[in-house]
Amino acid sequence: MRFEALRTKEVMWAHLLLSGLILYGVTSEILLAQALNNKGYLVDIKCSKCHTLRRVFIMCKSESEWRVTIEKMMNKNQEWIQPAEAEQILKEILISRAERVHAMCQERKDYEDARFLFVDRCTLCHNINRILYQDKTPEEWKETVERMCTEAMGYITSEDSERIARFLLERAEILREDAGSKLFLDKCMNCHPGEQILLETHNRKEWRKILRNCSEIAAKTFKTSWLHPYEVELIVDILVKTQGFSVQNN
Ligand code: HEC
Ligand code: HEC
Ligand code: HEC
């Protein structure tokens, strides 16, 4: 009888152990499957509201570095991400990161127009205004763009990098000579993110019409004549040069 009882106990333990193992295996497989579908994941919900998910997954970090980042994000609003969720999010990032980076690179588009390439590649991690406000020498631009490519972990190819650096140099040259360029930054960026304007292409007549409309909106919003007609003309000039139909940005 004692022998029987012992056996039953052993069998029970073995069962428990086995089912535990199976459960563990199944759970991580489910987690992985979900990760691959990018569905139902906390990281997708909690980490996509203030910036894109690409902003999250492009970063290459160790587990402890991720902990620090997630805690920093949690501290932005403790009610939005709770401690228990932070742990879950960490697991999800570690499990699904490689697959997501792979998907990002697969979906990466090529652009003939260097302006679009610039907007696509350089808005991944920060606002483009940060770049547009900079006045750099050719060497400095080259250095910055190369440093950014290192940050982007292969998402920005070396060909992209060369084309973007060239685009920024040429643009800087045009802007430096042009009276409207400082006005453009001073007068347009407080209502629009730069990328929004940069993605538009128009002829002179169209630019003038848009800017006159903006001028009216600005006058109502700021209760002052924000954009004088002569400023509109100077900014139209620069936009036709950099974002008109005849511009070849390659
Ligand atoms: C309340 C807004 C907000 C939420 C929610 C948020 N972030 Fe952020 N995140 C930011 C801001 C703002 C920055 C840039 C400034 C900074 O670093 O604080 C940033 C920067 C980052 C960066 C780059 C900087 C670094 O430390 O590497 C990563 C990676 C990141 N977030 C990951 C996450 C993850 C993962 C989550 C979800 C757990 C998340 N974020 C949720 C606002 C947020
Ligand atoms: C993977 C994320 C990432 C991408 C993509 C990225 N940046 Fe950055 N960028 C950063 C971080 C992080 C900083 C702040 C730290 C630093 O200055 O190195 C920064 C800072 C900057 C600055 C201010 C600092 C300086 O050196 O003047 C400029 C300008 C800039 N980036 C330009 C660009 C350009 C141009 C591109 C596109 C080629 C780009 N960034 C793409 C992450 C990125
Ligand atoms: C006071 C805020 C404000 C300022 C300053 C401003 N805009 Fe606008 N802009 C707007 C608003 C609002 C719209 C949407 C207009 C609408 O729907 O009628 C707009 C629309 C646009 C559009 C899209 C127009 C279209 O019909 O496709 C462009 C491009 C644009 N603005 C460029 C500029 C430029 C360049 C400047 C600097 C000269 C500028 N804006 C200054 C508020 C502003």
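User: In this predicted model, buried means under 20% relative accessible area, exposed over 50%, and partly exposed in between. Is Cys-214 buried, exposed or partly exposed?

Analyst: The relative accessibility of Cys-214 is 25%. Buried would need a value under 20% and exposed one over 50%. Cys-214 therefore counts as partly exposed.

User: Which residues coordinate the iron atom of ligand 3?

Analyst: The coordinating atoms are an NE2 and an SG, at 2.0 to 2.2 Å from the iron atom.

User: What is the arrangement of the six donor atoms around the iron atom of ligand 3?

Analyst: Six donors count as octahedral if opposite donors are over 155 degrees apart and all others between 65 and 115. Around the iron atom of ligand 3, the angles run from 86 to 176°, which makes the arrangement octahedral.

User: How many residues apart in sequence are the parts that His-51 and Met-73 tie together?

Analyst: His-51 (NE2) and Met-73 (SD) coordinate the iron atom of ligand 1, at 2.0 to 2.3 Å. His-51 sits in the loop between helix H2 (42-46) and helix H3 (53-57), whereas Met-73 belongs to helix H4 (residues 63-74). The parts tied together by the pair are therefore 22 residues apart.

User: What is the relative accessible area of Met-73?

Analyst: Met-73 coordinates the iron atom of ligand 1 through SD. Met-73 is classed as partly exposed, and its relative accessible area is 28%.

Terms used
Residues are numbered from 1 along each chain as its sequence is written. Chains are lettered from A and ligands numbered from 1 in the order in which they are written. This is a predicted model: local features need pLDDT of at least 70, side-chain atom pairs count only at pLDDT 80 or more; totals for chains, interfaces and linings use all residues. Side-chain values use heavy atoms; hydrogens and water are left out. Donors are N, O and S atoms within 2.8 Å of the metal (3.2 Å for Na, K and Ca); water is not among the atoms, so sites may look incomplete. Four donors count as tetrahedral if all angles lie between 85 and 135 degrees; four count as square planar and six as octahedral if opposite donors are over 155 degrees apart and all others between 65 and 115; anything else is irregular. Buried means under 20% relative accessible area, exposed over 50%, partly exposed in between (1.4 Å probe, protein chains only). Helices (H or I, at least four residues) and strands (E, at least two) are DSSP runs, numbered from the N terminus.
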